[in-house]
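Subject: The structure I promised you

Hello,

Here is the structure for you to open alongside this message. Please have a look at it, and then read on for what turned up.

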Amino acid sequence: MYKYREIYSDIKRDILTNHYRAGTLLPTQEFFSEKYGVSRITLKKALNLLENDGLIFSKQGSGTFIRPQIENNDSELLPLDLPVGVTYSHRDQKISSKILSFDARLPDKEEQHHLGISSSDPVYQFKRVRFINEQIYSLEHVVLPTLVAPLNEDILLGSVYDYLGHVAKLQLTDARRILYADQADKEISESLEIELCSPVLVIEQVAYDQKGRAFEYSKSYFIGNKSKFSLDIHLNRK
């Protein structure tokens, strides 16, 4: 992996986790060049990617700033343009989980395709209901290759992404999301405590780490008349 993409992923993670706070100055290019041991040219490539993502912007004579995200006090708001989990998107809320199932098995063809693995590579599969402030938020069905990191039910009760970051040094830097409407089947209706055939919004996701490897294939189900989502558009004007 190119060095500038590693730097881009590292700074992007720090922005998304509020290590560098919105509206404040990003540290200087001298700081980052010394921190990562790279030239200004390499660093500039990383900063260009962050600017293209709409995460930073420059003011001539003032420096580079962290772009503020659109504020919304609704606890059901999920930013679709940032590849982060519920713990980050709702970091000021109380997050909890209820595990419905957890096992290890061999992947089916669809999972092999999305994760780039073979039929003999085992995967973890788990389903859990996520709560925000003790209110049902979503049902998650997640598949991860077992080689990524060992999992257990205690880990699934918290933030899986935090755990993977600490144990496997894995950073979620990119994701491909497909959104579509569906109807709640028996499992979904019982998990979300809604009527059978009620409308639900589905987000199907393949998540990638800082080296561009797929490490998660998931489907998340949201109550149709409760959840709200946002997508900020930033035009890169040169």
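A crossing of two helices is called left-handed if the near helix is turned anticlockwise from the far one by less than a right angle, and right-handed if it is turned clockwise. Helices (H or I, at least four residues) and strands (E, at least two) are DSSP runs, numbered from the N terminus.

Before the details, please note that this is a predicted model, in which local features need pLDDT of at least 70 and side-chain atom pairs count only at pLDDT 80 or more, while totals for chains, interfaces and linings use all residues. Residues are numbered from 1 along each chain as its sequence is written, and side-chain values use heavy atoms, with hydrogens and water left out.

The overall picture

The protein chain has eight helices and 10 strands. Of its 238 residues, 43% are buried (buried means under 20% relative accessible area, exposed over 50%, partly exposed in between, with a 1.4 Å probe and protein chains only). Among contacts (heavy atoms within 4.5 Å) with a separation of 6 or more, 61% join residues 24 or more positions apart.

Two packed helices are described by the angle between their axes and the distance between the axes. Here axes are lines fitted to C-alpha atoms, for helices over the stretch in contact, and angles run from 0 to 180 degrees between N-to-C directions.

Helix α1 (residues 3-16) and helix α3 (residues 40-52) have axes that come within 8 Å and cross at roughly 50 degrees. The two are therefore oblique to each other (under 35 degrees counts as roughly parallel, over 145 as roughly antiparallel, 65 to 115 as roughly perpendicular and the rest as oblique). The crossing of α1 past α3 is right-handed. On the α1 side, Lys3, Tyr4, Arg5, Ile7, Tyr8, Ile11 and Lys12 take part, and they meet Thr42, Leu43, Lys45, Ala46, Leu49 and Leu50 in α3. Sorted by class, this contact has eight nonpolar, one polar and four charged residues (Ala, Val, Leu, Ile, Met, Phe, Trp, Tyr, Cys and Pro count as nonpolar, Asp, Glu, Lys and Arg as charged, and the others, Gly among them, as polar).

With α2, the axis of α1 comes within 12 Å and crosses at roughly 115 degrees; this crossing is right-handed too. Lys3, Ile7, Asp10, Ile11 and Asp14 in α1 meet Phe32, Lys35 and Tyr36 in α2. That contact has four nonpolar, no polar and four charged residues.

Which residues are buried in helix α2 (residues 29-36)? They are Phe32, Ser33 and Tyr36. These cover an arc of only 100 degrees around the axis, so they lie on the same side of α2 (the arc is that of the directions from the helix axis to the C-beta atoms). What covers them includes α1 and α3. After α2 comes Gly37, with a positive phi near 65 degrees.

Other residues to look up

Val86 is in helix α4 (residues 86-89) and counts as buried, at 9% relative accessibility. Val86 and Ser138 are 52 residues apart in sequence, and their C-alpha atoms are 9.7 Å apart in space.

Asn133, a residue other than glycine, has a positive phi near 50 degrees. Asn133 is in the loop between β5 (123-132) and β6 (135-145) and is partly exposed, with a relative accessible area of 36%. Glu193 also has a positive phi, near 60 degrees. Glu193 is in the loop between α8 (186-192) and β8 (199-208), and is exposed at 65% relative accessible area.

Best wishes
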